[in-house]
Amino acid sequence: MSEPTSTNKEKKKPPLNGRRALPSDNSNAEENEVPEMDAFGLIPRGFNPKDYLQVVDIHMFKEPYEINKQQHHTDKYYNPKLIVRRGQPFQIQINFNRPYKPETDQFWLEYLIGRYPQPNKGTYIPILVGDVLKPEDWGAKITHRENNSIRLSIMSSATCIVGKFRLYVAVWTPFGIIRTHRNPATDTYILFNPWCQQDAVYLDDEKEREEYVLNDVGIVYHGNIDEIKLRSWSYGQFEENILDACLFLMDKAELELSGRGNPIKICRVASAVINSRDDNGVVAGSWDNTYTYGVAPSAWTGSVDILLEYYSSKQPVRYGQCWVFAGVFNTFLRCLGIPARLITNYSSAHDNNANLQLDFFLDDEGQVDAKLTKDSIWNYHCWNEAWMTRPDLPVGFGGWQAVDGTPQETSDGMYRCGPASVQAIKHGHVCFQFDAPFVFAEVNSDVVYSRREKNGVQVIEKIDTTHIGKLIVTKGVGSDEMVEITEEYKFQEGSEEERLALETAVMYGVKKQTAQDTTYQPQRDVEMDFQVQKAVLGSDFKVTITFRNKSRNSYTATTYLSGNIVFYTGVTKNEFKKHSFSAKLEPLLSSAFDVTITSSEYLSDLLDQASFHFFVTARINETGKILAMQKATVLEIPTLRIKTKGEMVADKEMSVTVEFTNPLKQTLEDVTLRLEGPGVLRTMKKEFRQIPANSTLIWEVKCIPKRPGLRKLIASLNCDALRHVYGELSIQIQKP
């Protein structure tokens, strides 16, 4: 039974249903009225509240340089309120109208969140002053008394709700309870705490915490397996209003407040709300190379602009592709204190019927039949990993969990994916929630080439078991090195353990087609391979096809090369090159054949990622056997150059220049440049009408860096003819 929904949310009393005494409490932004005087009964005429202990002022020690934000690793947040991490003590000071007398005075603290605070939901937390603090429970103790003031050390529970709490101080009098008034300055944000052993997201390595929680810049690996490209991405989780925007996402997803201490639930709802499908979430995806009324996915340089635009407009931000969803998701996770990293899987399977194989159907000629072929291989696909314990699974499946905000397939009726235990995926234990079979298929499918004979028998021409999930990478800890993590997802290709993991996955219900209605006899006596020459955008290049005839027979091979411009998702836009030739293969010899690709053949249709996909199929005329092979390749795209002038000191003006030379034989029109750097400058944009062929553009920007230390500047250039042009520069900002 679903909850009745009310169209008018502004009404004072939301509709109740028969199962609950109170409506669902799923907004951190909403509040309730808290009485300043809770009378126990009739108040006698002579009662004067001033005769009792009164709170004059509460000091929160909330400046970045003060004890709380320093000890809780929250000093980088550009936010004036107190931000602490759960399960770790923080300090506040209360000034009364007279010295506090423990013998006769009684006061306590109240932390509230949401509109219907209740003790059993963890949304109303009364704290009495005691003697000891333990991270399992809320508590407070007096550490210092001087004149009219007391200093308190307060402990939040290591499992408490993550969000923004309101604070009241309540004083007991014989006739009623007197509370402080609502004061937003004392609001306290409580975040996950990877430094606390009792927290579900505890991470024991300081270097890893600095990378996965505190680093606000990362690297996205893209391109393809033979030509790995990288670009920086500004996560900006500490920038102004980003923490509020992230809390708003949980309100938007209508996650019950009582579930917001659980990182599993938060990841699951966030993976749905990051994309706009079915819930009007943050980013609208577009994979069709037309980005009217929006920003092209390749133009974004970071998450901040996207989250702030969503937070203010409440409408999906256009447009994103996988690395944009993953970049925004990473910001969300790190901002709340959940350790997270962005990973890239090269040759990622999008297996639309989850049968652990990608089916490519060939026609009689040996060319791919586009109508029948539904599965696709993404050159790369980015998703995230979040670090947490999994008390809902057997022991051993905690640690990194795969979560994916890109809308590919639905899970429990919504476009979301994860959290799926990476360890469970590696061992084939795909029965454990959530969405492990889908991720397992992304890194483990086989590529099967088959063709139907005239009599209807399906002949499998080739099975490639190593093409998918060839390489899985992420940014190194504390460095810009690329680190391979393929071994965390799968055992060594061809090893005994790998076969076992596959059999386990099949046992747990991952469908694997068997070859009963097909015949498969691999081609043994001729081997074929091809190489694509590395090339810069706008130049000609060649594809070299090599045959090795291992037999003592002479053969002729009718060879087809099909060159396609593809989206990075492996979906073809169009075929720009068709070439066939007859190759003579002498016994026991290797022979090579070159096919030239000219820039005029591909330039007019090129897409975002300057990405090609070549299919080569060859039919050995004497035996009727077919050889098939496919490879993706990416062109070298020019980069932006970023330079700085003068000294770089916090709070002093400095100058940044971005330069770009147009490499194409055509004029670029309506070009947008973006530049950003967390802690140095907010995103700046500039439009240029035209950049003629071979000419150089120079854009100078003045800015005042806010934070000292090693920072990164990131720039992007975008126009219809050229996308994915980036530049970056690491700079050291000195202390003033």
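Modeller: Four antiparallel strands make up the open sheet, in the order E2-E4-E8-E7. Strands (E, at least two residues) and helices (H or I, at least four) are DSSP runs, numbered from the N terminus. Two strands count as paired if DSSP finds at least two bridges between them. E2 (55-59) and E7 (139-146) are the edges; each has a single partner strand, so one side of each lacks a neighbour in the sheet. On average, neighbouring strands here are turned by 25° against each other, direction ignored. Axes are lines fitted to C-alpha atoms, for helices over the stretch in contact, with angles from 0 to 180 degrees between N-to-C directions. Four bridges tie E2 to E4 (residues 90-96), antiparallel. Asp 57 faces Asn 95 of E4.

This is a predicted model: local features need pLDDT of at least 70, side-chain atom pairs count only at pLDDT 80 or more, and totals for chains, interfaces and linings use all residues. Residues are numbered from 1 along each chain as its sequence is written, and side-chain values use heavy atoms, leaving out hydrogens and water.

Now helix H6 (residues 322-336). Just after H6, Gly 337 has a positive phi of about 100°.

Strand E18 (residues 376-388) has twelve of its 13 residues buried. Ten bridges join E18 to antiparallel E16 (residues 340-350). There, Tyr 346 pairs with Tyr 380 of E18. Five bridges link E18 to E19 (residues 399-404), also antiparallel. Glu 385 stands opposite Ala 402 of E19.

Definitions and conventions:
Expected span 1.5 Å × (residues − 1). Buried < 20%, exposed > 50% of the residue type's maximum accessible area, 1.4 Å probe, protein only.
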